[in-house]
Amino acid sequence: MQWWRDAVFYRVYVPSFTDSDGDGLGDLPGIRNRLGYLELLGVDALCLSPICPSPMADHGYDVTDPRDVDRRWGSLPAFDALLTDAHAHGLRLVVDLVPRHTSEGHNWFRAALASAPGSSERARYHFRPGRGDGGAAPPNDWPSVFGGPAWTREPVSDDADGDDGRREWYLHLFSSAQPDLDWTHGEVRADLETTLRFWLERGVDGVRIDVAHGLCPPADLPDLAGDPRLDQDAVHDVHRTIRAILDGYTGRMAVGGVAVAAPERLARYVRPDELHLAVDVVLAHAPFDADGVRKVIEGCLTAVGAVGAPATWMLADHDVVRPVSRHGGGPAGLARARAMALVQLALPGAAFLYNGDELGLPDGAVPVEARRDLVWTHPEDSRDGSRVPLPWDDTLPGLGFTAGSSWLPIPDAYAALCAATQLEDTDSTLSLYRQALELRRTHAGFRGGKPEWFDGPSGCFAFRRAGTSLVCVLNASSAPVPLPAGDILLVSGPLEYGLLPPDTAAWLS
Ligand code: BGC
């Protein structure tokens, strides 16, 4: 049973979902308390942000032990209880694994720093001598994804004899607190297998592989010419190994976070013996423009279709600005985000929702002094805005997120967007998502084939799911447009005199 092929996954950003113990941070028992909400929402699976022990330099994407639960979130028994209850609510559960780097606090990395250049302890990472005078320049010219060089020189050791030139550099495509592992090392690969089996034996339905395109840079770490850092052929062998392990269990899946240059490159990750799904950020970066969105959709469907894999659609996650804000904020931003949700959920394949998008949350403005995303060195902003905790109930302290002091400030404007209020309001964004997810489950049109596009007014698109009567229309133009023939199933905003207004989408049958 390939349940993931058209599943709706709900990404839970664990620190920001629900706090059960008043420490201001979300946790596993908090998620457990909300399973009824998620069942009511109508998603198929939860995908948790990383829960393993971590010093939180990158909020869990820097792991010290991939086979335990950080005490901030709970414990292994708390995880098991969540998994059991999720299954009882008909929800599947996926955990996020971060295999490409460890935390600088991982025992392997500490042992590496404590050992001499050339030692076996260093061989699990990419340590290299520097270039230039005294090795003072990084070994190559690679930048980190977070800004600055992708290399950090090892600190001066306590027993330094004054020979600075022996100090090596280590590679980190993300922050210096996230040293990159060397995937040609047998122990690195064996450790991932142990980790996969650990979570699969506990009963998880799937795993997310973080930065799945970024495991295997060329061994000689050449200077930039193109971008040798990511999406190298050797990585596919790792994914074949992952797939072989998953195939030993029933009904389990792996989804990769894959950010590559073109849909054809993405499709290579979901070939029949590799990952089941790959999620890219292209749709989450696409402007609100009918032609542009259609181009992304068609490119992706053609590419993954060629390898027999389903597409995976994502409009947002904890790394990008929330759709409401990205599309301009205010009523227009919300209208566009709602319209795009109907487009996303009408497409064939799997969908990833990001927690809070079902409430129509904009990004929370986080003042510089309250920022927590400290590894993100790009000047324009941190990623904190989309990580602000969710508002549940405006009659409770901390809007029902926490009885304590929230780890990121929750803006006053979130009080009007609480889940409890939206559940009672049939026009709310939450109600729109609930209706859309219900239709997606029950209407035969959503089991139809690829979109068949038909011509419409400029700035709009419409497609029919092949072999069915289900039609999705998007009006991204600035004028109201007539709807095609058919019964309206759902509209993302009110019609104007029977016309589909700008910034609105509709489903018809
Ligand atoms: C995660 C980011 C993280 C990065 C490095 C990405 O896939 O979504 O939040 O900073 O990986 O681990």
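A polar contact is a pair of N or O atoms within 3.5 Å. By that cut-off, an oxygen atom of the ligand lies 2.3 Å from an N or O atom in the side chain of D210. For the side chain of D319, the distance from a ligand oxygen to an N or O atom is 2.5 Å, and for the side chain of H101 it is 3.1 Å. On its own the ligand exposes 310 Å², and the protein buries 94% of that (areas by the Shrake-Rupley method with a 1.4 Å probe). The model is predicted: local features need pLDDT of at least 70, side-chain atom pairs count only at pLDDT 80 or more, and totals for chains, interfaces and linings use all residues. Residues are numbered from 1 along each chain as its sequence is written, and side-chain values use heavy atoms, with hydrogens and water left out.

The shell comes next. The ligand is surrounded by 13 residues, and the closest are D58, D210, H318, D319 and R383 (a residue is near if one of its heavy atoms lies within 4 Å). This shell divides into four nonpolar, three polar and six charged residues.

The ligand sits in the largest pocket, with more than half of its atoms within 2 Å of the grid points. A pocket is an open set of points on a 1 Å grid where a 1.4 Å probe fits, with protein on both sides within 12 Å along at least five of seven lines; lining residues have an atom within 4 Å of a point. The volume of the largest pocket is about 610 Å³. It is lined by 27 residues, of which F174, V211, A259, V281 and D319 are the closest to its centre. The lining comprises 13 nonpolar, five polar and nine charged residues.

Terms used
A polar contact is a pair of N or O atoms within 3.5 Å; within protein, one must be able to donate a hydrogen and the other to accept it, and residues adjacent in sequence count only if both atoms are side-chain atoms. Ala, Val, Leu, Ile, Met, Phe, Trp, Tyr, Cys and Pro count as nonpolar, Asp, Glu, Lys and Arg as charged, and the others, Gly among them, as polar. Grid points are joined across faces, edges and corners, and a volume is the space filled by probe spheres set on the points.
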